Amino acid sequence: MSKIAIIGAGPAGIESASMLARSHEVLLFEKSSTALSNILDKAYLFPDFSSATDIADSLNSKLINENIKLMLNTEVVDIVRNDSEWKIVDKSGKNYFVDAVLITTGYQTFDATRKEELGYGIYKGVVTSIDMERMIKYNQIVNSINESPKRVVFLQCVGSRDEKSGNRYCSKVCCVTAVKQAIEVRKMLPDAEIYIFYMDLRMWGQHFEELYRESQEKYDIRYVRGRISEASSTFDRKIQIKAEDTLLGVPLKMTTDLLVLMVGMEASAGTKSLGCKCGIEGEYGFIKTATPHLCDNETSEKGLFVAGSCKRPMTINDVINDARSAACLISEYLR
Amino acid sequence: MRKFGFSISQTRSIDLDQIDFSCLDELREAVPTFMVCINCGACTATCSAQQFSDFNIRKIKTMLMQGQYEGLAKQLDKCMLCGKCTLVCPREVNLRNSIVNMRRILTKKNK
């Protein structure tokens, strides 16, 4: 029976572990104290509003398997090839020897305080999409003075498609997430005015375009094409924003109770450091796969595989599919 | 020929077949980042001149890209070259430099 190390217990790590555990022994490393923390941050998932908790629960149930050894609070700091074996070193200095390694260290969200002009961390009325997800989850959508907001504004592309934050790429999931969150806000606050400021709405996935249409048809979500250049506070603790309505070619300003910054996805700290250590670091700290089309789960190192959002921004269903394909390739490799 | 009392009005559409792009070509050479704009409008939103006039730098840029030069030189006079547009641009278009060069190129063209 071969031994496989999987680093990161997110959806990619758990899904591939459960598949590989049918005929192999899996060591699943997780540096934090819980698995699936990125999913558990969410309330509902696009495009069908499935409960994030339910999805986390079904993924977690796959861990009940005698061939999977989940090690929480165990941060992997180095991966070294040892002839045909791999040596995994954890933070406490303990070594583990395995036949193949799968990196599933995932993403982290963009730190919105880096865009100082948008006021996150300065004004209470400015929140991120992650904060908003929590507000939706606990049914507590409030402005800076803990009142129910009369107006909510979403701003796309915070920390994505932005040279100034060093991220040229599109984070892929924020467009539809804003539409999803706007609909959820509408359901909770039937009288609020809800705006989405966008540059391009990239409704690339199945049902995304339909959700966008539904948001206009049923939920009265209003769209303004323009990037908010700055946010400031008014005397009554509202947020004043400035943008251009680029379709009219006229500058626009408005006050809002809540400004929601749709933060993009970046390579997680673990992705960056392991990518660097193994010499497979790609653009923006994400991991570089062997080739983009046919060898997207392999790396330049034999026996070292990758799956999920440590490669690039991905949706959960993309991650699950990617994890399954990595599991197939690893089984093949170990045969 | 008999006159019927009406004339054919000029078309409003931009005829890209007829446009002289020499100004744009010159500008692209001077400011290589000029072409990467995604029209987000952050420059116009943050612009100081915009608050006191109908100056719209994104629109001017778009007009120039389509070879529509009429009235642009006069519009560009409204800019105070404060450079906030360049600071806020997510694509790192060197707008301030573009404006200086647009002025130079358009003055030469209008001579």
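1. Chain B has a radius of gyration of 17 Å, whereas a compact globule of 111 residues would come out near 13 Å. This is a predicted model, and the points below should be read with that in mind. Taken along the principal axes, the C-alpha atoms of chain B fill a box of roughly 60 × 30 × 30 Å.

2. On secondary structure, chain B comes to six helices and zero strands. The pattern read along its sequence is accordingly written α-α-α-α-α-α.

3. If one takes the contacts in chain B between residues at least 6 apart in sequence, 68% of them join residues at least 24 apart.

4. Next, the interface. Interface size is often given as the accessible area lost when the parts come together. Between chain B and chain A the buried area is about 1,500 Å². Carbon and sulfur atoms give 46% of that area.

5. Polar contact across the interface of chain B and chain A counts 13 residue pairs, both residues being at pLDDT 80 or more.

6. B:Glu92 takes part in a salt bridge with A:Lys164, where the closest N and O atoms are 3.6 Å apart.

7. One residue of chain A deserves a separate entry. A:Asp296 sits in the loop between helix 7 (269–278) and strand 20 (304–306) of chain A. Is this residue buried or exposed? A:Asp296 counts as buried because its relative accessible area is 14%, and the cut-off for buried is under 20%. Its neighbours within four places in sequence left aside, A:Asp296 is in contact with A:Thr289, A:Thr291, A:Val306, A:Lys311 and A:Arg312.

Methods
Residues are numbered from 1 along each chain as its sequence is written. Chains are lettered from A and ligands numbered from 1 in the order in which they are written. This is a predicted model: local features need pLDDT of at least 70, side-chain atom pairs count only at pLDDT 80 or more; totals for chains, interfaces and linings use all residues. Side-chain values use heavy atoms; hydrogens and water are left out. Buried area is the accessible area (1.4 Å probe) that two parts lose on being put together, summed over both. A salt bridge is a side-chain nitrogen of Lys or Arg within 4 Å of a carboxyl oxygen of Asp or Glu. A polar contact is a pair of N or O atoms within 3.5 Å; within protein, one must be able to donate a hydrogen and the other to accept it, and residues adjacent in sequence count only if both atoms are side-chain atoms. Helices (H or I, at least four residues) and strands (E, at least two) are DSSP runs, numbered from the N terminus. The radius of gyration is taken over C-alpha atoms; the globule rule is 2.2 Å times the number of residues to the power 0.38. Contact means heavy atoms within 4.5 Å. Buried means under 20% relative accessible area, exposed over 50%, partly exposed in between (1.4 Å probe, protein chains only).
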